[in-house]
Amino acid sequence: MRSLKKNQRKLWYSTYANQRTIYERDENGEIVYDGIDGEKIPRIKSEQAGYDHPVSFNANISAAKGTSDSEVFGVSLDYTKTISTSDMTLPISETSLIWFETEPRYNEDGAVDSSSADYAVVAVARSLNNVVYAIKKLAKSSDYREMEEGQVYA
């Protein structure tokens with residue numbers, strides 16, 4: 001199976017890089033430190049998965065999830081869509097994020113905002129000339145908007 005250029009869409013992927021430490025900050029945005037035995041140690045707020053800067057690529061993305069007789073990954077895997085490409089050099093893995101409906105956003109520190117991703121890769125199936133990625137839609141708070149009568153629509 002080959003990828004037709006007319007069926008390809010522009011997407012972005014970001015691969016997992018490392019754990020990021022998020023530090024507590026004061027009202028001025030400065031890191032808060034604790035003094036322990038005369039040593040200043042930054043106060044840790046949380047740990048997050050860190051991702052590389054997103055890279056654009058072109059591939060075929062399915063309209064929706066297929067039926068069990070045509071599913072490449074079986075019937076028990078929960079995924080929303082598939083991405084198919086003949087580009088065997090893409091470093092996308094099960095820990096990667098995908099942007100399709102939106103463009104990647106960045107945090108104030110320049111790191112990629114992983115919460116802006118549209119999909120997470122849940123499985124990869126490689127064949128001789130083709131790669132298929134099963135992706136799952138990620139919930140985002142920005143997917144909901146207030147309407148005139150106070151109703152919320154997705």
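## Basis

In this predicted model, local features need pLDDT of at least 70 and side-chain atom pairs count only at pLDDT 80 or more, while totals for chains, interfaces and linings use all residues. Residues are numbered from 1 along each chain as its sequence is written, and side-chain values use heavy atoms, with hydrogens and water left out.

## The largest pocket

The largest pocket holds about 360 Å³ of space. A pocket is an open set of points on a 1 Å grid over the protein atoms alone, where a 1.4 Å probe fits, with protein on both sides within 12 Å along at least five of seven lines. Its volume is the space filled by probe spheres set on the points.

The pocket is lined by 14 residues, and those closest to its centre are Arg 20, Ile 22, Asn 107, Glu 108 and Asp 109. A lining residue has an atom within 4 Å of a point. Strands S2 (16–23) and S5 (44–51) each give two or more residues to this lining. S2 gives the most, with 4 residues. Strands are DSSP runs (E, at least two residues), numbered from the N terminus.

## Rings and charges

The structure holds 2 aromatic pairs. Rings of Phe, Tyr and Trp (its six-membered ring) pair if their centres lie within 6.5 Å; planes over 60 degrees apart count as edge-to-face. The rings of Tyr 16 and Tyr 51 have centres 5.9 Å apart and planes at 85 degrees, so they form an edge-to-face pair. This pair joins distant parts of the chain: Tyr 16 is in S2 and Tyr 51 in S5, 35 residues apart. Tyr 16 is partly exposed at 35% relative accessible area, whereas Tyr 51 is buried at 19%. Buried means under 20%, exposed over 50%, and partly exposed in between (1.4 Å probe, protein chains only).

Lysines also meet tyrosine rings. Lys 40 lies over the face of Tyr 33, 4.9 Å from the ring centre. The charged end of Lys 137 sits over the ring of Tyr 119, at 5.3 Å from its centre. Here NZ of Lys must be within 6 Å of the ring centre and within 35 degrees of the ring normal.

## Two serines

Ser 116 lies in the loop between S8 and strand S9 (119–126). Ser 116 is buried, at 1% relative accessibility. A polar atom of its side chain lies 3.3 Å from the backbone nitrogen of Arg 105. The backbone oxygen of Asp 113 is 2.7 Å from a polar atom of the Ser 116 side chain.

Ser 86 is in the loop between strands S7 (81–85) and S8 (97–99). Ser 86 is partly exposed, at 25%.

Methods:
Rings of Phe, Tyr and Trp (its six-membered ring) pair if their centres lie within 6.5 Å; planes under 30 degrees apart count as stacked, over 60 as edge-to-face and the rest as tilted. A polar contact is a pair of N or O atoms within 3.5 Å; within protein, one must be able to donate a hydrogen and the other to accept it, and residues adjacent in sequence count only if both atoms are side-chain atoms.
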